[in-house]
Amino acid sequence: MSTQSRLDLVRDAIHQWMLANLPSRTPERIDELHRHTYESFFIVDDYFGGRRFRNEAIMADWFIDADTVKIHETGGLLLGTIQGDQIDQLAANADYHPQVTRRAA
């Protein structure tokens, strides 16, 4: 699978995670947050570490080598972790693919 295809699955998995784990927000609000999620690269010890996704509710880091997403609230508290097959399972539940704003941080 190409990195781009996996990235699309990661985006969908994060969206599904937000729907399941942010009950104080309506599905419509989650969709809006997802459409306004910014993406950037992150570097760890001078090497490309993965992608960072950020919106007003969460910050999620996808560690490409480990195929793991760590999701934090904007204040830094770890809210959850999605690993390998879980990414595939969550992404399979996505019924649409909203456009995500891509901008370097």
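Author: Start with the order of elements. Read along the sequence, the pattern is α-α-β-β-β-β-β-α. The chain has 3 helices and 5 strands. Helices (H or I, at least four residues) and strands (E, at least two) are DSSP runs, numbered from the N terminus.

Reader: What should I know about the model itself?

Author: This is a predicted model: local features need pLDDT of at least 70, side-chain atom pairs count only at pLDDT 80 or more, and totals for chains, interfaces and linings use all residues. Residues are numbered from 1 along each chain as its sequence is written, and side-chain values use heavy atoms, with hydrogens and water left out.

Reader: How many residues does the chain have, and what share of them is buried?

Author: The chain has 105 residues, and 42% of them count as buried. Buried means under 20% relative accessible area, exposed over 50%, and partly exposed in between (1.4 Å probe, protein chains only).

Reader: How do I read the face of a helix?

Author: An α-helix has 3.6 residues a turn, so residues three or four places apart point the same way. Now take helix H2, residues 27–35: Ile30, Asp31, Leu33 and His34 are buried there. Seen down the axis of H2, these buried residues fall within an arc of 160 degrees, so they line one face of the helix. The arc is that of the directions from the helix axis to the C-beta atoms.

Reader: And the sheet? In what order do the strands come?

Author: Strands of a sheet pair through backbone hydrogen bonds, either parallel or antiparallel. Here 5 strands form an open sheet in the order S1-S2-S3-S4-S5, with antiparallel pairing. The edge strands are S1 (38–44) and S5, each pairing on one side only. From one strand to the next, the twist averages 25 degrees. Two strands pair if DSSP finds at least two bridges between them.

Reader: Which residues take a positive phi in the hairpins?

Author: The hairpin of S3 and S4 has 4 residues between the strands, and Asp67 takes a positive phi near 50 degrees. The hairpin of S4 and S5 also has 4 residues between its strands. In that turn, Gly76 has a positive phi of about 110 degrees.

Reader: Where does helix H3 lie?

Author: H3 (residues 84–92) lies across S4 and S5, running at about 95 degrees to S5. Axes are lines fitted to C-alpha atoms, for helices over the stretch in contact (heavy atoms within 4.5 Å). Angles run from 0 to 180 degrees between N-to-C directions.

Reader: How do I read aromatic pairs?

Author: Rings of Phe, Tyr and Trp (its six-membered ring) pair if their centres lie within 6.5 Å; planes under 30 degrees apart count as stacked, over 60 as edge-to-face and the rest as tilted. By this rule there are 2 aromatic pairs. Phe41 and Phe48 are edge-to-face, 5.3 Å centre to centre with 70 degrees between the planes. Phe42 and Phe63 are edge-to-face, at 5.1 Å and 75 degrees. Phe42 lies in S1 and Phe63 in S3, so the pair ties together parts that are 21 residues apart in sequence.

Reader: Is Phe42 buried or exposed?

Author: Phe42 is buried, at 8% relative accessible area. Phe63 is partly exposed, at 27%.
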